Amino acid sequence: MDQSFTPSFAPFFGMSGIAFAMIFGCIGAAYGTAKSGIGISGVGTYRPDLIMKCLIPVVMSGILAVYALVISVLIASDIRPPPEQHYSLYNGIMHMAAGLSVGLPGLAAGYAIGIVGDVGVRAYMRQSRIFVGMVLILIFAEVLGLYGLIVALILNTRAQG
């Protein structure tokens, strides 16, 4: 088969990679924000002085959406309109894999951050010594999304070759 073969449906896979990254990554970020926001609202009722320290899970959830955005922009920059398109099926599949690699770990990390954030800030309201442990668990949950970003970046660089 000719190496320059570029089927007309190849960009579909690249576009689906963009969609998978943004959809799953933002669902994870939204879930993490909403779930930990419930706990923060409960803390704010009794201890409004703790609100700023309790916003850490919300910020960490938002970072997951940034990971998805970075990969989506990188994938989108490689896709051109049909007249100047030289987009192989291999590139499309690699970009779809990159989108899934950042989106699904972002979903899992957002779920973990939301649960830890909700329970963690409520526990912090009752006992301040739990704060360091809560932040460490949140970091370990966030690093799942970072691992997905690293794999997606590697896949994206392989697709350009």
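How far apart are the end C-alpha atoms of residues 96–155, and how much of the span is helix? The ends lie 9 Å apart, and the span is 93% helix with 0% strand. Keep in mind that this is a predicted model.

Now residues 17–75. Here the end C-alpha atoms are 8 Å apart. UniProt, in an unreviewed entry, puts "domain: V-ATPase proteolipid subunit C-like" on residues 17–75 and 96–155.

The unreviewed UniProt entry also lists "transmembrane region" at 12–34, 55–76, 96–119 and 131–155. Take two of those. Residues 96–119 are 100% helix, with end C-alpha atoms 35 Å apart. Residues 131–155 are 100% helix too, and there the ends are 37 Å apart.

Next, a helix pair. Helix α1 covers residues 10–46, and its axis comes within 8 Å of the α3 axis. The two cross at roughly 170°. An angle over 145 degrees counts as roughly antiparallel, so that is how α1 runs relative to α3. On the α1 side, the contact includes G25, A29, G32 and T33. On the α3 side, S61, L64, A65 and A68 are among them. In total, the contact has 14 nonpolar residues, eight polar and no charged.

Last stop, S61. This serine sits in α3, residues 56–76. Is S61 buried or exposed? Buried, because its relative accessibility is 0%. What does S61 touch, beyond neighbours within four places in sequence? A29, G32, T33, I113 and E142. Of these, A29, G32 and T33 belong to the α1 side of the helix contact.

Notes. Residues are numbered from 1 along each chain as its sequence is written. This is a predicted model: local features need pLDDT of at least 70, side-chain atom pairs count only at pLDDT 80 or more; totals for chains, interfaces and linings use all residues. Side-chain values use heavy atoms; hydrogens and water are left out. Helices (H or I, at least four residues) and strands (E, at least two) are DSSP runs, numbered from the N terminus. Buried means under 20% relative accessible area, exposed over 50%, partly exposed in between (1.4 Å probe, protein chains only). Contact means heavy atoms within 4.5 Å. UniProt positions are given in the numbering used here, feature names are shortened, and annotations may be inferred rather than shown by experiment. Axes are lines fitted to C-alpha atoms, for helices over the stretch in contact, and angles run from 0 to 180 degrees between N-to-C directions. Angles under 35 degrees count as roughly parallel, over 145 as roughly antiparallel, 65 to 115 as roughly perpendicular and the rest as oblique. Ala, Val, Leu, Ile, Met, Phe, Trp, Tyr, Cys and Pro count as nonpolar, Asp, Glu, Lys and Arg as charged, and the others, Gly among them, as polar.
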